[in-house]
Amino acid sequence: MFLASRNFCCCGFKLRTDLLSRSIKHSTSATMPFRHKNTRRIEGLDSNVWVEFTKVAADPSIVNLGQGLPDISPPSYVKEELAKVAAVDRLNQYTRGFGHPSLVKALSQVYEKVCGRKIDPLTDILVTVGAYGSLFSTIQALIEEGDEVIIIEPFYDCYEPMVKMAGAKPVFIPLRCKNNGNSASSADWVLDPAELANKFNSKTKAIILNTPHNPIGKVFTLEELQVIADLCIKHDTLCISDEVYEWLVYKGNKHIKIATLPGMWERTVTIGSAGKTYSVTGWKLGWSIGPEYLIKHLQVVHQNTLYTCPTPLQEALAQAFWVDYKRMDDPDCYFYSLSRELESKRDRMAQLLKEAGLKPVIPDGGYFMIVDVSTLNVDLSDVDEKQPYDYKFVKWMIASKKLSAIPLSAFCGLETKKQFEKYIRFCFIKKDSTLDAAEVILKNWNKQTG
Amino acid sequence: MRLNSPTCGLQQPHLARTALELLIFYLQAKMSRPVQARRLEGIDKNIWVEFVNLAATYSKVNLGQGFPDFPAPDFLTEALTRALGGGNHMLHQYTRAFGHPPLVKVLAQFFEKLLGRDLDPMTNVMVTVGAYQALFCCFQALVDEGDEVIIIEPFFDCYEPMVKMAGGTPVFVPLRPNPPKDGKLMSSADWQLDPAELASKFSERTKAIVLNSPNNPLGKVFSREELGLIAELCVKHDVLCISDEVYEWLVYDGKQHIRIASLQGMWDRTVIIGSAGKTFSATGWKVGWAVGPDRLLQHLRTVHQNSVYHCATIAQEAVAQGFQRELMLYGKPESYFVQLPKELQQKRDWLVQSLDGVGMKPIIPEGTYFLVADISPFKSDVPDVPNSDEPYDSRFAKWMVKNKGLAAIPLSAFYSEAHKNNYTNFIRFCFAKEEATLKAASDILQKWKQKKTSS
């Protein structure tokens, strides 16, 4: 007779414990029920839209406008800096944990210029493994059980699991379309100030802001940011501002840093990304900038999670930043030239989608575009009902049109999925040949449907 | 420390008293709570921040922090250059989150050989940002509040705060020195666990034991018998083993590194952690990995996808090529895994001689690139300060770097708070250094000794 129950040991019956331990010794672990489950903090956090959709789209015959990664080349000087660095011995060893000195110096210079305030490279900046790592460090440092965190829907999907992993409660508020669902621009999507105010209470530790916004491409205006700022100040709430697309704003729009509003620097952690700034998502370098009294806690998380980021990549990034820092007043600066390049891709993408009978929401920033696919009336009722419409649509589109996108309900809390399931997200930071291939599919779309 | 003072309700005196009190209570509660999360309690201090700073400021010879001052091997840096020059600019974009396919494939191939079992690169291997992040994923994935985790002292210092951050309780068990009777220099093998003492640390709350072999800082390479003892207890108590094997290739004197996962009943309960930084002398690349059964790695993957998600592509690409080379040369004299320990053994012997020559008593390490030495004959330079908060060896190491320009790390850095004063006379030296560095260290020591003898 074999007893595997751990509870048995807790009862403290020594004789049975001895029998138990002897029988455990002689059994193989395969016959014991495995008690080592996941920890509570990651309960329910194992599934992930990317794991599902990057697999599906990995087929090279599929035109991949799904996951947000550029297939354009990073600027040559960025690649060259990394090549130069590879030859320097000491750059293959550990650097300063909280950020390579030349990189934090460069970041402080660039952002001092942008923010109009002094930023101490050693105390006000933390370099992390991508903006993703900054989000994690910020949330682990400042959020815990009993806290509520306001998340604006649709949201970059990691916010919700990260908040949950920290033991806190996500509180959602949707962007709502102003014109009764007829949306031509990302600017049509707004927060209802009264609805937003209602979400704040004594437990609200932070609000996560993402501007320019993924997936809609909204660039929050000064007035909109002021509404959020006023509430943060009133309720003594922190602001986690994900600004990875900060340089990608299109004509007529301006990216405003909420941390520059009165009363906000002291309560805001602003997050940026090398991957998005320089089209090098695979470098996985990001940063958090804010007041020392907040950043020091992120640094504690960092020193207890991965300690340092790779040295050669940080050095190369620092050198790239110096190149562009020197020309920040020049239109040739990559921060502005990339934006111009993407604006024409955006316009082309929008045109193609319209011609196929789809309704794109033109983004004011970022490199994603959401599209209302309900106008196509594709009947997917016979497909597995458990998934939202947009999941089914994207899978159908991948299979039958060889074109991939990401379903928008992946970016929503449970209750809002219905509101967004007619939208899918396209990424347009793609080289011309990719967009050409997409064009072929979209032009032929109506020939095969109906 | 939050920012605002409560103002709202006080301007409306007609509010019901209890409602007003409630409001003030909520606002004050928010105000009096610290801004940071409780999980950071007690883990904010870090020895490296202080000692790395001191070394940067004062040291002429840095034998402190563990990184080589000799270059990474050419074949590795060339692999990076090739990857960059190859025209595949997609190497600058995201790769597979759980590990770049060429890297997980070659790691699976390598470890299949070493462990004698089939491995699936997709489910039995995960790439992390250094072994450090692999450790983090293990604790976050597997250690819950109330769980106990056994840590063998002295230990690589991050284990304790990581266990605490996961809400676990570290339970310490020491390696105890049994000096050889013949007055010869101690070996790291002379530091041993007491089997009964170890067994007594296992309780029904024990979730895992952290094993580090070869051990930092002592350099101990656990023998088959010692591993067998640990394995037996793990199986008996159904406890997991987090096996930090970053120095797996750095073993000397013909010793063998034995992987605990290859012992009976251990594969299913062990996560093996490795490091490209240590394997290929490129600590700044921050590429590490976890190898283990899917039923454990799946939870590490969940943590990983919710914390960093991807690791840098190009470093993984180059490390994959490094491993491919080593796979082809495995066991041959040109293998880096054969050459590096050979070179390091010589450096070890050189440093042992230098230290012994001036009266510091080194503990000869069986592995790693660290050695710990007893600095007793030099204690007179740094008088004891009774009732000092700081352990003696820490004060000694600070004095040494400031006054002699020689950086090393106090052994107390590798002990829990309660045990930091157990050994007051030991400091750790890193010998993964160029000959010139080791010679310069020797010169400093000689001059120091002469100064003492003549004064």
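**Loops, helices and a chain interface**

Student: Where is P214(B) placed in chain B?
Tutor: Start with the element naming: helices (H or I, at least four residues) and strands (E, at least two) are DSSP runs, numbered from the N terminus. With those labels, P214(B) sits in the loop between β7 (206-212) and α8 (224-237) of chain B.

Student: And the peptide bond from S213(B) to P214(B): cis or trans, and what is omega near?
Tutor: Ground rules first: this is a predicted model, where local features need pLDDT of at least 70 and side-chain atom pairs count only at pLDDT 80 or more, while totals for chains, interfaces and linings use all residues. Residues are numbered from 1 along each chain as its sequence is written, chains are lettered from A and ligands numbered from 1 in the order in which they are written, and side-chain values use heavy atoms, leaving out hydrogens and water. The bond from S213(B) to P214(B) is cis, with omega near -10 degrees.

Student: Which residue does a cis peptide bond join to N214(A)?
Tutor: Omega is about 15 degrees for this bond.

Student: How many residues of chain A are in contact with chain B?
Tutor: Contact means heavy atoms within 4.5 Å. On the chain B side 89 residues take part, and on the chain A side the number is 90.

Student: How much area do chain B and chain A bury between them?
Tutor: The size of an interface is often given as the accessible area lost when the parts come together. Here it's summed over both parts, with a 1.4 Å probe. Of the total, 53% is on carbon and sulfur atoms, and the figure is about 7,800 Å².

Student: Which residue of chain B meets E144(A) in a salt bridge?
Tutor: The rule wants a side-chain nitrogen of Lys or Arg within 4 Å of a carboxyl oxygen of Asp or Glu, and it finds three such bridges across the interface of chain B and chain A. For E144(A) the N to O distance is 3.5 Å, and the partner is R38(B).

Student: Why does the pair K113(A) and D329(A) tie together parts of chain A, and how far apart in sequence are they?
Tutor: Their side chains meet in a salt bridge at 3.4 Å, N to O. K113(A) lies in helix α5 (residues 101-115) and D329(A) in the loop between α12 (311-326) and α13 (334-355), so the parts this pair links are separated in sequence by 216 residues.

Student: How are α2(B) and α13(B) oriented to each other?
Tutor: Axes are lines fitted to C-alpha atoms, over the stretch in contact for helices, with angles from 0 to 180 degrees between N-to-C directions. Helix α2 (residues 47-58) and helix α13 (residues 392-404) of chain B pack at about 20 degrees, axes 9 Å apart. Under 35 degrees counts as roughly parallel, over 145 as roughly antiparallel, 65 to 115 as roughly perpendicular and the rest as oblique, so α2(B) and α13(B) are roughly parallel.

Student: What about α13(B) and α14(B)?
Tutor: The axes of α13(B) and helix α14 (residues 435-454) of chain B come within 12 Å and cross at roughly 100 degrees. Among the residues that meet are W399(B) in α13(B) and W448(B) in α14(B). The two helices are therefore roughly perpendicular.

Definitions and conventions: Buried area is the accessible area (1.4 Å probe) that two parts lose on being put together, summed over both.
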